[in-house]
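Work through the exercises below with the sequence and coordinates open. Try each task before reading its solution.

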Amino acid sequence: MIVKPTVVQQAHAAGYSIVPGSPDKQPKVPWKSWQETQQTQEEFDALGHGSIWGLLTGPTYGIVVLDFDGPEGEGSLKALGLDGFEHVRTPTGAHVYVQHPGHKVKTVARPLPESFSICFRSGGA
């Protein structure tokens with residue numbers, strides 16, 4: 001069995017499916033079956049080495065990742081007031097992990113328009 005980094009082991013133990021990746025961010029194993037069902041301990045144990053490790057997100061795992069890349073992304077992170085939130089630094093920017101809202105979340109891979117706003121609510125309307 002390949003020994004995985006502690007944080008990877010902790011994420012799997014917390015109920016997340018983990019995917020090893022190559023330096024160019026490509027998954028090294030088929031992973032789509034884990035979008036709806038967490039990988040088993042046997043599947044996790046069988047994973048090989050990863051230069052990087054990916055965490056599956058979505059309704060099964062209860063999280064969505066907001067990805068802010070490059071100078072534009074850094075600007076959006078600050079403009080939305082999310083730079084004060086706990087976030088993970090990446091080689092090209094930052095990831096902010098938020099609770100999945102319980103409905104379909106569309107992937108948007110482009111800069112947000114200036115008119116975009118974000119509202120955070122804590123229960124109620």
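The exercises go from the overall layout to single residues.

The model is predicted, so local features need pLDDT of at least 70 and side-chain atom pairs count only at pLDDT 80 or more, while totals for chains, interfaces and linings use all residues. Residues are numbered from 1 along each chain as its sequence is written, and side-chain values use heavy atoms, with hydrogens and water left out.

**Exercise 1. State the order of the elements from the N terminus on.**

Step 1. Helices (H or I, at least four residues) and strands (E, at least two) are taken as DSSP runs, numbered from the N terminus. The chain has three helices and five strands.

Step 2. Read from the N terminus, the elements run α-β-α-β-β-α-β-β.

Step 3. Of the contacts (heavy atoms within 4.5 Å) with a separation of 6 or more, 60% are between residues 24 or more positions apart.

**Exercise 2. Determine which residues of helix α1 are buried and which are exposed.**

Step 1. Buried means under 20% relative accessible area, exposed over 50%, and partly exposed in between (1.4 Å probe, protein chains only). Of the 125 residues in the chain, 23% are buried.

Step 2. Within α1 (residues 6–13), the buried residues are Val8, Ala11 and His12. Seen down the axis of α1, they fall within an arc of 100°, so they line one face of the helix; the arc is that of the directions from the helix axis to the C-beta atoms.

Step 3. Thr6, Val7, Gln10 and Ala13, on the other side of α1, are exposed.

Step 4. The buried residues pack against β1 (18–21), α2 (41–46) and β2 (52–55). After α1 comes Gly15, with a positive phi near 110°.

**Exercise 3. Identify the largest nonpolar core.**

Step 1. A nonpolar core is a set of buried Ala, Val, Leu, Ile, Met, Phe, Trp, Tyr and Cys residues joined through side-chain atoms within 4.5 Å.

Step 2. The largest has 10 residues: Val8, Ala11, Ile18, Val19, Trp34, Phe44, Leu47, Leu56, Tyr61 and Ile63. At least two residues of this core come from each of α1 and β1.

Step 3. Another core, apart from this one, has six residues, including Leu80, Leu82, Ala94 and Val96.

Step 4. Take Ile18 and leave aside neighbours within four places in sequence: its contacts include Val8, Ala11, Trp34, Phe44 and Leu47.

**Exercise 4. Find the strands that pair with β5.**

Step 1. Two strands pair if DSSP finds at least two bridges between them.

Step 2. β3 (residues 63–69) and β5 (residues 93–99) run antiparallel and are joined by seven bridges. Asp69 stands opposite Gly93 there.

Step 3. β4 (residues 88–90) also runs antiparallel to β5, with three bridges. Val88 faces His95, and a hairpin of two residues joins β4 to β5.
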